[in-house]
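This briefing goes through one protein model by topic. Please keep the sequence and the structure in view while reading.

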Amino acid sequence: MALRMVCSKTLNLNRIVALTSIQHLQKPLQNVTAATVRWSSFRSSEPVGDLAQYPEVEVVRNPPEWKFVERLLAPRTVPKPKPKETYPSGWKPANPQPGLKYVVLRTKNHMLPVYLRRSYRGQRRITAVRHVEGDIWQLEAELRYLIEKQLNRPIITRVNEMSGQIEFKGDHVAIVEKFLLDKGM
């Protein structure tokens with residue numbers, strides 16, 4: 001049976017009653033304003049009044065003032081970064097070494113696609129490398145060797161050739177990013 005909260009002068013405040021029991025209260029509820037009874041519908045809102053009270057709207061295509069609006073809008077694509085010797089943030093542009101059989105493509109924001117995924121309330125950490133093209137198995141072997149050498153223990157990896165992703169069990173984002181930046185990716 002559906003329940004609804006009804007507030008009015010004739011009922012106790014916040015009293016919960018069944019819908020079938022409020023049918024005899026139609027007269028007292030007619031005096032209640034829409035502000036006290038909320039029916040969660042467009043019908044409870046006030047009807048639109050006279051349209052003359054609203055300002056006139058003019059639709060203009062290519063007005064001369066539009067150039068001031070355009071400079072406030074976000075760009076449709078991410079602009080290419082201006083070439084510099086060093087960047088204050090430490091970011092490096094992609095410049096892969098020749099002779100590599102694999103490449104890790106940058107994201108549309110020119111960042112390395114290395115991510116840390118957490119699950120099970122932060123207990124499971126998985127480092128994911130995406131957008132790998134070429135010999136994905138060679139990249140996985142090099143990264144696994146580097147991480148195992150640094151940790152002095154074996155790690156678990158997973159390679160998905162179809163989507164171009166490599167996953168490492170654990171938080172190894174800093175090691176993987178440093179390796180990829182040294183390779184010029």
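This is a predicted model: local features need pLDDT of at least 70, side-chain atom pairs count only at pLDDT 80 or more; totals for chains, interfaces and linings use all residues.

**Overall architecture**

Residues are numbered from 1 along each chain as its sequence is written, and side-chain values use heavy atoms, with hydrogens and water left out.

- The protein chain has four helices and eight strands, taken as DSSP runs numbered from the N terminus (helices: H or I, at least four residues; strands: E, at least two).
- Along the sequence these elements follow the pattern β-β-α-α-β-β-β-β-α-β-β-α.
- Of the 185 residues in the protein chain, 24% are buried; buried means under 20% relative accessible area, exposed over 50%, and partly exposed in between (1.4 Å probe, protein chains only).
- The accessible surface of the protein chain comes to about 15,400 Å², and 54% of this belongs to carbon and sulfur atoms. Accessible areas come from the Shrake-Rupley method with a 1.4 Å probe, and for residues only the protein chains shown count as cover.

**Helix α3**

- Helix α3 covers residues 136–151, and its 16 residues should span 22 Å at 1.5 Å a residue; the end C-alpha atoms are 22 Å apart, which agrees. The expected span is 1.5 Å times one less than the number of residues in the helix.
- Ile136, Leu139, Glu140, Leu143 and Ile147 are the buried residues of α3. Viewed down the axis of α3, these buried residues fall within an arc of 95°, so they line one face of the helix; the arc is that of the directions from the helix axis to the C-beta atoms.
- An α-helix has 3.6 residues a turn, so residues three or four places apart point the same way.
- Tyr145 and Lys149, on the other side of α3, are exposed.
- The cover over the buried residues of α3 includes β3, β6 (132–134), β7 (157–160), β8 (165–169) and α4 (173–182).

**Salt bridges**

- The structure holds five salt bridges, each a side-chain nitrogen of Lys or Arg within 4 Å of a carboxyl oxygen of Asp or Glu.
- One of them joins Glu140 to Arg144, with the closest N and O atoms 2.8 Å apart. Glu140 and Arg144 are four residues apart in helix α3, so about one helical turn separates them.
- Glu140 is buried, with a relative accessible area of 5%, whereas Arg144 is partly exposed at 29% relative accessibility.
- Glu167 and Arg158 meet through their side chains in a salt bridge (2.9 Å, N to O). Glu167 is buried at a relative accessible area of 9%, while Arg158 is exposed at 53%.
- Arg117, Arg158 and Glu167 are linked in a network of salt bridges.
- In helix α4, Asp182 and Lys178 are four residues apart, about one turn of the helix, and their side chains meet in a salt bridge (3.2 Å, N to O).
- Asp182 is partly exposed, with a relative accessible area of 46%, and Lys178 is exposed, with 53%.

**Loops and surface**

- Asn95 lies in the loop between α2 (66–70) and β3 (102–104) and is exposed, with a relative accessible area of 59%.
- Not counting residues up to four places away in sequence, Asn95 touches Lys183 and Gly184. The C-alpha atoms of Asn95 and Lys183 are 8.2 Å apart in space, although the two residues are 88 residues apart in sequence.
- Thr107 sits in the loop between β3 and β4 (114–119) and counts as buried at 18% relative accessibility.
- Neighbours within four places in sequence aside, Thr107 is in contact with Pro113, Tyr115 and His131.
- Val48 is in the loop between α1 (26–30) and α2, and is exposed, with a relative accessible area of 63%.
- Val48, Leu51 and Tyr54 form a nonpolar surface patch with about 340 Å² of accessible area together. Patches are made of residues with over 30% relative accessible area and no salt bridge, where like charges are joined within 9 Å and nonpolar side chains (Val, Leu, Ile, Met, Phe, Trp, Tyr) within 5 Å.

How values were computed:
Contact means heavy atoms within 4.5 Å.
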